[in-house]
Amino acid sequence: MPEIFGQQFTRLELARHVGDFDQLFGVTLLTHGDGSARGVRVLQFRTGSGLAFEVNVDRCMDLASLDYRGLPLGWRSPVGPRSPWLHEADGENGLGWLRSFSGIMNTCGLDHVMAPTEESAEHYNYPHRSRVRHGIHGRAAYTPARLKGYGVDWDGDDAVLWAEGEVRQVAMFGENLLLERRIEAKAGGSSVVISDKVTSLGFYPTPHALLYHVNFGWPLIAADTSLVAPIEATPFTVHDTASTDIGPLEQAAPQKSFAEQVYQHDMATESDGIVPVALINPAMGPDGLGVLMEYDGTAMPALTQWQNLQEGNYVVGIEPGTVNAGSREDWKARGELAWLNHGDSRSYRLRLTPFADAAKRSEVESRIRRVRGE
């Protein structure tokens, strides 16, 4: 049964109080009407628990925002929810991706993640295309989805808010990849779940890599914020850790002239392969503010932490992915880069759960300590 304003209700009991359930929870399709976001479709979710989030239909059905009890958890860059029709995927020597980079979640892939690079295209069997150039983090994040449906489904006294869509990444004599995405949140609940399936529809071996670039900002990220995670080792960084006194676990206030810090962590998993990771700001509000991320560590064995504590670009990214640090040739040599034949699929799942009470914080911290074996 949905828990609304601290009380549980059957469907009949709720119907006696309101004439339209959308007064309490629902999914609404809107379209931006101005500026660089003009024309971008957005689905607004409200669960009735204080959880609200937006889905950018025309940007891979990624999460644009995530709010809890009126507090924003996600990061928004100066770019904002820019229209994908303005995006130049091949611009600026592979860094054009940054012209559109914003929001709490950006899907990186579907055939490349991380730094710009190029490689042989011989696997596509087209003599006039000898090389493939990959921009930073691939093309998926700014590709419009075909919206298959959205709404609220009741099952007895339980209701689920949902949306489904498809994203195609296709090139003639190149990749032909389909991302099927379903987003769910329970009425009265405080979690959003993203379930993805990537399938190759092409008839030549096609590389596949995926990374969820999940970006958190102020007021969740602040000088008092801690990363709580079952980290077993940190085998790779892109910066000299000896040159800074800011480490990965304890965050800092906005810094002048801060250079981004990137860590790759090896994570312990629960018995079912799930990895729980939390960011917690104990000083925000009477009982603190936090968010729990849960993902399938078997499907996404790599975790990258992006720490960009610059003034004006103040953000911490937690990024589960399918490949570890290194070049595409490194991934191939280590057997990490997936090669999909026609009909081959890979499935992924991500859950985000904000919380703002001491009991939930204690529960999350205890759970992660158990995963660490403490």
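Guide: A polar contact of 2.9 Å links the side chain of Gln-169 to that of Glu-175; a polar contact here is a pair of N or O atoms within 3.5 Å, where within protein one must be able to donate a hydrogen and the other to accept it, and residues adjacent in sequence count only if both atoms are side-chain atoms. The model is predicted, with local features needing pLDDT of at least 70 and side-chain atom pairs counting only at pLDDT 80 or more, while totals for chains, interfaces and linings use all residues. Residues are numbered from 1 along each chain as its sequence is written, and side-chain values use heavy atoms, with hydrogens and water left out.

The side chain of Gln-169 also makes a polar contact of 3.0 Å with the side chain of Asp-111. Gln-169 belongs to strand β12, which covers residues 158-170; helices (H or I, at least four residues) and strands (E, at least two) are DSSP runs, numbered from the N terminus. With a relative accessible area of 5%, Gln-169 is buried, a term that stands for under 20% relative accessible area, with exposed being over 50% and partly exposed in between (1.4 Å probe, protein chains only). Not counting residues up to four places away in sequence, Gln-169 touches Gly-109, Leu-110, Asp-111, Arg-139, Ala-140, Glu-175, Asn-176 and Leu-177, where contact means heavy atoms within 4.5 Å.

Asp-62 lies in strand β6 (residues 62-68) and is buried at a relative accessible area of 3%. The side chains of Asp-62 and Arg-181 are joined by a polar contact of 2.7 Å. Leaving aside neighbours within four places in sequence, residues in contact with Asp-62 include Met-105, Asn-106, Thr-107 and Ala-141. Between the C-alpha atoms of Asp-62 and Arg-367, 305 residues apart along the chain, the separation is 28 Å.

Now the chain as a whole. Three helices and 25 strands make up its secondary structure. Its radius of gyration is 21 Å, close to the 21 Å that the globule rule gives for 374 residues, so the chain is as compact as a globular protein of that length; the radius is taken over C-alpha atoms, and the rule is 2.2 Å times the number of residues to the power 0.38. Of the 374 residues, 53% are buried. Among contacts with a separation of 6 or more, 64% are between residues 24 or more positions apart.
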